[in-house]
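Subject: A structure to look through

Hello! Here is the structure I promised to hand over, and below it are some notes to read alongside it.

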Amino acid sequence: MLNAALFALAVALPQQQMPTITKLMGKSLPTFSMTTTTGSTVSKKSLKGKVILLDFWASWCGPCIQASPAMNALHKKYGRKGLVVIGVNLGEDPGAKNVGAAYKKEHGYSYLFTQKNDKYGAGIGVQTLPTFILVNQKGNVEQIFSGWHPEQVGDKLESRIKELLKVK
């Protein structure tokens, strides 16, 4: 599920020019600087040494909404052990104001949300929502999951997070 702008980009470019997210596996995650829903900035540099879970989502995406409680649970369980979960919002109506903040408040989520990330998502090849990118302490991409299948994605993500954080 893509928003109209990303879909237009996908249609306008020949397929060989579209970035594919799988190219990131095992490589350094491209640098990012995102604005949080509270107006502060979070960047790859500011999270150096942390395990990062990027959850690319949109408020209109049913599977994204289904995944959010699991993302919050991972944050609560492993946040103090070095995991940073970031809800990377993209694909919203350009006129929408702070969708992530309203969503976070409505559901009582405690993990970090950022906004207006369409350019970054398109640049690294996010073509499906939700997409999850797990990044190790060195800043390298460990795993990528597209779509939400709790019996596959949720268990595999948690297992790999535990390995990276060296927790039982």
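Helices (H or I, at least four residues) and strands (E, at least two) are DSSP runs, numbered from the N terminus. On that basis the protein chain has 5 helices and 7 strands, and from the N terminus its elements run α-β-β-β-α-β-α-β-α-β-β-α.

Two notes on the source. This is a predicted model, in which local features need pLDDT of at least 70 and side-chain atom pairs count only at pLDDT 80 or more, while totals for chains, interfaces and linings use all residues. Residues are numbered from 1 along each chain as its sequence is written, and side-chain values use heavy atoms, with hydrogens and water left out.

The chain as a whole

Of the 168 residues of the protein chain, 46% count as buried; buried means under 20% relative accessible area, exposed over 50%, and partly exposed in between (1.4 Å probe, protein chains only). Contact means heavy atoms within 4.5 Å. Among contacts between residues at least 6 apart in sequence, 74% join residues at least 24 apart.

The sheet

The 7 strands of an open sheet come in the order S2-S1-S5-S4-S3-S6-S7, with mixed pairing (two strands pair if DSSP finds at least two bridges between them). Which strands stand at the edges? They are S2 (41–43) and S7 (141–146); each has a single partner strand, so one side of each is left without a neighbour in the sheet. From one strand to the next, the twist averages 30°. Axes here are lines fitted to C-alpha atoms, for helices over the stretch in contact, and angles run from 0 to 180 degrees between N-to-C directions.

With S1 (residues 33–36) it pairs in the antiparallel sense over 2 bridges, and with S4 it pairs in the parallel sense over 3 bridges. Thr35 has Gln115 of S5 as its bridge partner. Thr114 of S5 stands opposite Thr36, and Val88 also stands opposite Thr114.

Helices on the sheet

H3 (residues 99–107) packs on the sheet, touching S3 (51–57), S4 (83–89) and S5, and its direction makes about 155° with that of S5. H5 packs on the sheet too, where it touches S3, S4, S6 (131–135) and S7; the direction of H5 makes about 170° with that of S7.

H2 meets H5

The axes of H2 (residues 62–78) and H5 (residues 150–165) come within 12 Å and cross at roughly 20°. Met71, Leu74, Lys77 and Tyr78 of H2 make the contact with Leu157, Glu158, Ile161, Lys162 and Leu165 of H5. These residues divide into 6 nonpolar, no polar and 3 charged; Ala, Val, Leu, Ile, Met, Phe, Trp, Tyr, Cys and Pro count as nonpolar, Asp, Glu, Lys and Arg as charged, and the others, Gly among them, as polar.

Leaving aside neighbours within four places in sequence, Ile161 is in contact with Leu53, Leu74, Tyr78, Leu83 and Leu134.

Happy exploring!
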